[in-house]
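Have a look at the sequence and the 3D view first, then read on.

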Amino acid sequence: MKFYHGSVIKGLTELQPHIPVGAHSEEPLVYLTTSRQLALHYIWDTQRLGVKMPMLDIRKDGTLVFQEMFSGALEYLYKGVSGYIYYCEGDYPLSLDSGVATGVTTNSVVPVTDCEYIDDVYDHILSYAKQGKFIYEHYEDLPQWRIDLIRGQILRRIKRYNLICDLAHPSRKFIRDNFPRYWKEAEVLAEHDLL
């Protein structure tokens with residue numbers, strides 16, 4: 001079966017297991033997907049952002065829905081970012097515990113069989129919208145209950161990674177800059193031992 005892996009790193013001949021920032025597992029893993037489109041969303045500039053937070057939902061028919069958690073998120077995260085989609089072959093079983101229906105994780109080294117350069121990830125993602133395979137949900141159009149869910153998710157992330165105190169954590173700047181209202185709330189809660 002063919003699998004894909006998105007990365008900003010050039011020239012990979014194999015994918016090594018690692019623990020990315022914010023991973024759901026503490027075991028070093030290689031993350032693959034059967035969806036080339038999904039792999040695009042993992043071409044991520046972690047030097048600039050420090051965290052991977054793709055904000056995606058995948059519908060049962062395979063349509064990807066980008067759910068903005070802050071205004072202008074798609075452009076902020078992907079515009080001008082270039083990278084690579086790596087192609088891999090193998091008999092890896094889909095892993096339901098990854099939370100992604102098309103996702104695969106393995107703790108083995110995965111050989112790369114081919115690679116495709118993506119000049120601008122943002123433009124490439126939007127090309128799927130023209131084909132009807134991508135839906136972009138703008139923050140300004142979200143119902144209040146979705147905004148409440150985002151607030152809860154951000155506050156949990158701040159607490160989980162102790163971002164108020166951990167000045168060196170790679171997610172800190174991204175969260176503080178893009179969710180200033182929730183950051184301020186978390187500071188007040190932490191000050192009163194309520195976080």
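Which parts do the buried residues of helix 5 pack against? They pack against strand 5 (64–67), strand 10 (134–137), helix 6 (172–178) and helix 7 (180–191). Contact here means heavy atoms within 4.5 Å.

Before going further, a word on the ground rules. This is a predicted model, where local features need pLDDT of at least 70 and side-chain atom pairs count only at pLDDT 80 or more, while totals for chains, interfaces and linings use all residues. Residues are numbered from 1 along each chain as its sequence is written, and side-chain values use heavy atoms, with hydrogens and water left out.

Back to helix 5. Helices (H or I, at least four residues) and strands (E, at least two) are DSSP runs, numbered from the N terminus. The buried residues in helix 5 are R146, I147, I150, G152, I154, L155, R157 and I158. Buried means under 20% relative accessible area, exposed means over 50%, and partly exposed lies in between (1.4 Å probe, protein chains only). The 17 residues of helix 5 (residues 144–160) should span 24 Å at 1.5 Å a residue, and the end C-alpha atoms are 24 Å apart, which agrees. The expected span is 1.5 Å times one less than the number of residues. Just after helix 5, N162 takes a positive phi of about 50°.

Now for a strand. Strand 1 (residues 2–7) is mostly covered, with five of its six residues buried. Strand 1 pairs with strand 6 in the antiparallel sense, over six bridges; two strands pair if DSSP finds at least two bridges between them. In this pairing, H5 stands opposite Y86 in strand 6.

What about charges? Side chains of opposite charge can pair when their charged atoms come close. The structure holds eight salt bridges, each being a side-chain nitrogen of Lys or Arg within 4 Å of a carboxyl oxygen of Asp or Glu. Here are some of them:

| Pair | N to O distance | Relative accessibility |
|---|---|---|
| R48 and D45 | 3.8 Å | R48 37%, D45 24% |
| D123 and K79 | 3.5 Å | D123 41%, K79 39% |
| D177 and R176 | 3.8 Å | D177 37%, R176 32% |

Salt bridges that share partners join K173, R176 and D177 into one network. As for D123 and K79, their salt bridge links distant parts of the chain, 44 residues apart: D123 is in helix 4 (residues 121–130), and K79 is in the loop between helix 3 (73–78) and strand 6 (83–89).
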